[in-house]
Amino acid sequence: MEGAILINASLKDNDIRNENCNKNVLHTAPSYRMVTDALIQFLKKKNWTKLLLISGVTERDKQFSDSIKISSKRFGLKIINEKIWDFTHDFRRTADLEIVKFTQ
């Protein structure tokens with residue numbers, strides 16, 4: 001459609017911004033980089049400079065964790081450990097015990 005404007009109201013992918021962005025697309029949702037920049041700035045303000053990064057296994061989880069890495073480096077925070085949560089937990093344990101076991 002010539003002259004039509006497309007509004008991106010929910011997709012946060014970084015790769016559809018900047019060099020891959022079409023001129024007729026208006027992004028109203030913040031990208032993962034925008035969200036992680038704000039989160040890392042908040043953590044820095046709280047003086048939480050050492051981070052444990054837990055990410056999922058989907059493509060969007062990978063994009064978000066990559067954005068966290070970029071933002072933390074940009075604002076001087078250090079990721080001291082990184083783990084993948086693959087959702088294969090033991091249902092006999094409660095969620096509280098599962099988190100403790102995973103982060104040890």
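In which loop is Asn47 found? Asn47 sits in the loop between H1 and S3. The model discussed here is predicted, and in it the phi angle of Asn47 is near 65°, a positive value in a residue other than glycine. Asn47 counts as exposed, at 61% relative accessibility.

**Overall fold**

The protein chain has three helices and four strands. Read from the N terminus, its elements follow the order β-β-α-β-α-β-α. Of the 104 residues in the chain, 24% are buried. Among contacts with a separation of 6 or more, 51% link residues 24 or more positions apart.

**Packing of H1 and H2**

Helix H1 spans residues 32-45 and helix H2 spans residues 59-75. Their axes come within 8 Å and cross at roughly 45°. H1 is therefore oblique to H2. The crossing of the two helices is right-handed.

On the H1 side, the contact is made by Tyr32, Arg33, Val35, Thr36, Asp37, Leu39, Ile40, Gln41 and Lys44. H2 contributes Arg60, Gln63, Phe64, Ser67, Ile68, Ile70, Ser71, Ser72, Arg74 and Phe75. Sorted by class, the contact of H1 with H2 has eight nonpolar, six polar and five charged residues.

In soluble globular proteins, nonpolar side chains tend to be buried together. The largest nonpolar core in this model has seven residues, namely Ile40, Leu43, Leu51, Leu53, Ile68, Phe75 and Leu77. The elements giving two or more residues to this core are H1, strand S3 (50-55) and H2.

Ile40 lies in helix H1 and has a relative accessible area of 0%, so Ile40 is buried. Beyond residues up to four places away in sequence, Ile40 touches Leu51, Ile68, Ser71, Ser72, Phe75 and Leu77.

With its neighbours within four places in sequence left aside, Ile68 is in contact with Thr36, Leu39, Ile40, Leu53 and Ile79. Of these partners, Thr36, Leu39 and Ile40 belong to the H1 side of the helix contact.

Which residues does Gln63 contact, leaving aside its neighbours within four places in sequence? They are Asp13, Asn14 and Tyr32. Gln63 lies in helix H2 and is buried, with a relative accessible area of 13%. Gln63 is one of the H2 residues in the contact with H1, where Tyr32 is one of the H1 residues.

Ser31 lies in the loop between strand S2 (25-27) and H1. Ser31 counts as buried because its relative accessibility is 5%, and the cut-off for burial is under 20%. Leaving aside neighbours within four places in sequence, Ser31 is in contact with Lys12, Asn14 and Arg17.

**Accessibility of selected residues**

The table gathers the accessibility values quoted above.

| Residue | Relative accessible area | State |
|---|---|---|
| Ile40 | 0% | buried |
| Ser31 | 5% | buried |
| Gln63 | 13% | buried |
| Asn47 | 61% | exposed |

Notes. Residues numbered from 1 in each chain as written. Predicted model: local features only at pLDDT ≥ 70, side-chain atom pairs only at ≥ 80, totals over all residues. Heavy atoms only, no water. Axes fitted to C-alpha atoms, helices over the stretch in contact; angles between N-to-C directions. Parallel < 35°, antiparallel > 145°, perpendicular 65-115°, else oblique. Left-handed = near helix turned anticlockwise from the far one by under 90°. Contact = heavy atoms within 4.5 Å. Nonpolar A, V, L, I, M, F, W, Y, C, P; charged D, E, K, R; others polar. Core = buried A, V, L, I, M, F, W, Y, C linked by side-chain atoms within 4.5 Å. Buried < 20%, exposed > 50% of the residue type's maximum accessible area, 1.4 Å probe, protein only.
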